[in-house]
Amino acid sequence: MPEVTTAKVQKGDYFVDYEDKVFEDVQAEAGEKALVTFHTVAFEGSIGLVNMLQAKRLLRKGFETTILLYGPGVTLGVQRGFPTIGDEAFPGHQNYENQLKAFMDEGGKVYACRFALQALYGHGEPALVEGIQPISPLDVLDIQLIARRDNAYVVSTWTM
């Protein structure tokens with residue numbers, strides 16, 4: 001039988017060289033834009049949270065960054081909590097709201113489709129996290145076409 005001779009991993013040990021950056025640190029040029037679209041369900045996987053962090057990183061790199069919540073993505077932008085709105089029922093329960101608020105506090109814009117909000121998920125505009133602007137379902141395509149026209153960098157989150 002093989003014998004394990006490697007020392008037990010201890011808190012504070014490193015597994016990887018996290019400081020070794022291979023590529024240049026790209027920063028936005030004046031006027032560059034980014035659009036991050038979300039068509040994913042809250043708490044169904046990591047993609048929503050990961051791309052919120054990417055949107056925040058784009059913003060910090062100088063891109064005029066916008067988030068679009070549509071389809072199931074609107075579930076990322078509704079207020080939640082238990083036993084009352086705003087309460088964190090478990091660690092990380094408010095991650096989406098906290099990330100969206102931080103993104104908006106740093107100058108990012110967030111839009112949510114009214115059709116998905118009401119017709120698909122039974123929420124009204126008052127359920128949205130403060131600062132999120134509800135938009136017509138007709139605007140969902142137009143915001144993406146505007147981003148294309150403006151040569152914006154687009155991250156599209158389409159998972160179900």
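This is a predicted model: local features need pLDDT of at least 70, side-chain atom pairs count only at pLDDT 80 or more; totals for chains, interfaces and linings use all residues.

Residues are numbered from 1 along each chain as its sequence is written, and side-chain values use heavy atoms, with hydrogens and water left out.

**Aromatic pairs**

I searched the whole structure and found three aromatic pairs. F43 and F90 have ring centres 6.2 Å apart and planes at 70 degrees, so I logged the pair as edge-to-face. This pair links distant parts of the chain, 47 residues apart: F43 is in the loop between β1 and α1, and F90 in the loop between β2 and α2. My helices (H or I, at least four residues) and strands (E, at least two) are DSSP runs, numbered from the N terminus.

Next I looked at F43 and Y96: their ring centres are 5.0 Å apart and their planes at 80 degrees, so this pair is edge-to-face. Y96 sits in helix α2, 53 residues from F43. I noted that F43, F90 and Y96 form one aromatic cluster.

F43 is partly exposed at 37%, F90 is partly exposed at 40%, and Y96 is buried at 6%.

I placed N151 in the loop between α4 and β5 (153-158), where its 69% relative accessibility makes it exposed. I also found a cis peptide bond from F82 to P83, with omega near 10 degrees; P83 lies in the loop between β2 and α2.

**The core**

A nonpolar core here is a set of buried Ala, Val, Leu, Ile, Met, Phe, Trp, Tyr and Cys residues joined through side-chain atoms within 4.5 Å. The largest has 38 residues, and I67, L68, L69, V110 and I132 have the most contacts inside it. Elements giving two or more residues to this core include β1 (33-39), β2 (64-69) and α4 (137-149). I checked L69 for contacts (heavy atoms within 4.5 Å); beyond four places in sequence, its partners include F38, V74, V110 and I132.

**The pocket**

A pocket, on a 1 Å grid over the protein atoms alone, is an open set of points where a 1.4 Å probe fits, with protein on both sides within 12 Å along at least five of seven lines; lining residues have an atom within 4 Å of a point. The largest pocket has a volume of about 280 Å³, the space filled by probe spheres set on points joined across faces, edges and corners. Of its 15 lining residues, T66, Y111, I143, I146 and A147 are the closest to the centre. Helix α4 gives the largest share of the lining, five residues.

I ended on A147 in helix α4, which is buried at 7%. Leaving aside neighbours within four places, A147 contacts L35, A152 and V154.

Terms used: Buried means under 20% relative accessible area, exposed over 50%, partly exposed in between (1.4 Å probe, protein chains only). Rings of Phe, Tyr and Trp (its six-membered ring) pair if their centres lie within 6.5 Å; planes under 30 degrees apart count as stacked, over 60 as edge-to-face and the rest as tilted.
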